[in-house]
Amino acid sequence: MSVFPYLVAAWIFLVGCYGLATSRNLLHAVGCLAVCQSSTYVLLLAVGFRDGGTAPVFSDLTPGSRPVVDPVVQALALTDVVVGATLTALLLALVIQVSKRHGTVDPDELSELRG
Amino acid sequence: MSRRLRMWVLALGTAGVAVLLVVAYLELPGFGGDSHPYGDRAVSAALAHRTANVISSVNFDQRGFDTLGEESILFAAVLGTVVLLRQTRDERQVEPAPAPVAAFVRRYAVHALPVTLLVGLYVVAHGQLSPGGGFQGGVVVATALHLLYIAVDYRALERVRPLWLFTLGDAVGEASYALLGIAGLLWGTAFLADFVPLGTFNTLSSGGTVPLLNAAIGIEVACAVVVLLARFLDQAVEIEKAR
């Protein structure tokens with residue numbers, strides 16, 4: 001039972017990979033990449049969880065009075081969100097240009113080079 | 001490769017990765033366990049530097065250099081998007097036509113705008129104390145401006161959003177983060193190390209450099225999101241193929 005949250009992360013990652021590989025639409029593929037990435041949030045937060053733990057914020061909590069969850073993985077998840085969001089924006093911009101230049105967003109039809 | 005063969009390769013690959021992941025996860029410490037050596041050390045380091053929000057302390061003090069890299073990724077991605085979505089030679093810009101807005105939508109957005117702006121600035125300013133910080137607050141601030149697009153129309157948004165200013169703000173945010181790091185060097189400590197007085201725990205001025213770096217990130221993220229959305233909105237509303 002204690003590995004179940006980790007397995008959820010693996011499942012989300014593999015579902016995202018399946019979507020990426022079978023995608024017939026670049027917009028859909030960008031969405032699938034976001035799904036792959038969200039598996040890392042689940043994994044990070046699962047690694048950092050502590051039974052009975054609360055948020056590692058001491059503005060209304062006396063230090064040492066309660067266990068807190070691991071702040072390091074939370075900071076990593078925050079990094080992940082920011083990088084993921086900007087990467088998605090960049091990829092969507094690429095999709096817009098591909099659709100304008102080639103008139104299609106099906107990766108199978110994008111086999112030839114064009115200036 | 002035929003589609004059928006490709007599916008077989010995919011099935012084999014995913015099954016292999018799944019097995020490896022499960023084997024790796026069985027070796028991890030159990031979910032919810034009490035052993036978090038890095039977490040415990042991060043908490044005591046944050047408390048020693050009088051930062052109430054440990055996550056902000058990890059991001060802007062203990063791992064400040066990593067955040068510089070993360071911020072640079074954000075900056076580069078925005079730069080790439082701006083380059084990719086610029087108007088090309090065979091395109092022209094059209095004046096967007098005003099669209100009718102339902103009265104209650106307009107009323108809601110006009111009232112929500114100042115509140116959202118204030119909440120965003122609050123979240124940036126209290127990053128060292130309560131959950132939030134520059135990244136989250138910056139996005140909220142940028143969202144607030146775009147309520148004007150929902151409430152009135154694109155031209156109203158363009159009037160409150162001089163794009164050159166936000167492009168400049170993006171660069172200023174990025175530069176001031178690096179400059180704060182160099183200031184630490186000039187002060188006689190290390191790059192991005194804490195060099196300003198730590199202040200009183202749980203007040204706005206606590207945490208040493210954390211609030212300053214937080215503000216730099218807040219400026220960069222707010223400006224970056226505005227610039228990004230402006231480019232995408234341009235594509236949707238203003239740029240057309242020339243006839």
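A salt bridge here is a side-chain nitrogen of Lys or Arg within 4 Å of a carboxyl oxygen of Asp or Glu. By that rule, the structure holds 6 salt bridges over all chains. The model is predicted.

**Stop 1: chain A, the annotated spans**

UniProt, in an unreviewed entry, lists them as "transmembrane region". Look at 29–49: the span is 95% helix and 0% strand, and its end C-alpha atoms lie 31 Å apart. Now move to 72–96. Here the chain is 100% helix, with 37 Å between the end C-alpha atoms.

**Stop 2: chain B, the annotated spans**

Pick out 108–127, which is 90% helix and has end C-alpha atoms 28 Å apart. Next take 133–152. This span is 90% helix, and its end C-alpha atoms are 30 Å apart.

**Stop 3: across the chains**

Show the side chains of B:Glu91 and A:Lys100. They meet in a salt bridge, 2.7 Å from N to O. The pair crosses between chains: B:Glu91 sits in strand 1 (residues 91–93) of chain B, and A:Lys100 in helix 3 (residues 71–102) of chain A. Are the two partners buried or partly exposed? B:Glu91 counts as buried because its relative accessibility is 9%. A:Lys100 is at 28%, so it counts as partly exposed.

B:Asp90 is partly exposed, at 34% relative accessible area. A:Arg101 is partly exposed as well, at 36%.

**Stop 4: inside chain B, then a network**

Select B:Asp66 and B:Arg63. They form a salt bridge whose closest N and O atoms are 3.0 Å apart. B:Asp66 is partly exposed at 40%, whereas B:Arg63 is buried at 17%. Then select A:Arg50, B:Asp34 and B:Asp40: salt bridges that share partners join them into one network.

**Stop 5: a nonpolar patch**

Select B:Phe65, B:Leu179, B:Ile182, B:Leu185, B:Leu186 and B:Phe191, which make a nonpolar patch of about 630 Å². Which helix gives the largest share of the patch? Helix 8 (residues 163–187) of chain B does, with 4 residues. Zoom in on B:Ile182, found in helix 8. Its relative accessibility is 36%, so B:Ile182 counts as partly exposed.

Notes. Residues are numbered from 1 along each chain as its sequence is written. Chains are lettered from A and ligands numbered from 1 in the order in which they are written. This is a predicted model: local features need pLDDT of at least 70, side-chain atom pairs count only at pLDDT 80 or more; totals for chains, interfaces and linings use all residues. Side-chain values use heavy atoms; hydrogens and water are left out. Helices (H or I, at least four residues) and strands (E, at least two) are DSSP runs, numbered from the N terminus. UniProt positions are given in the numbering used here, feature names are shortened, and annotations may be inferred rather than shown by experiment. Patches are made of residues with over 30% relative accessible area and no salt bridge: like charges are joined within 9 Å, nonpolar side chains (Val, Leu, Ile, Met, Phe, Trp, Tyr) within 5 Å. Accessible areas come from the Shrake-Rupley method with a 1.4 Å probe; for residues, only the protein chains shown count as cover. Buried means under 20% relative accessible area, exposed over 50%, partly exposed in between (1.4 Å probe, protein chains only).
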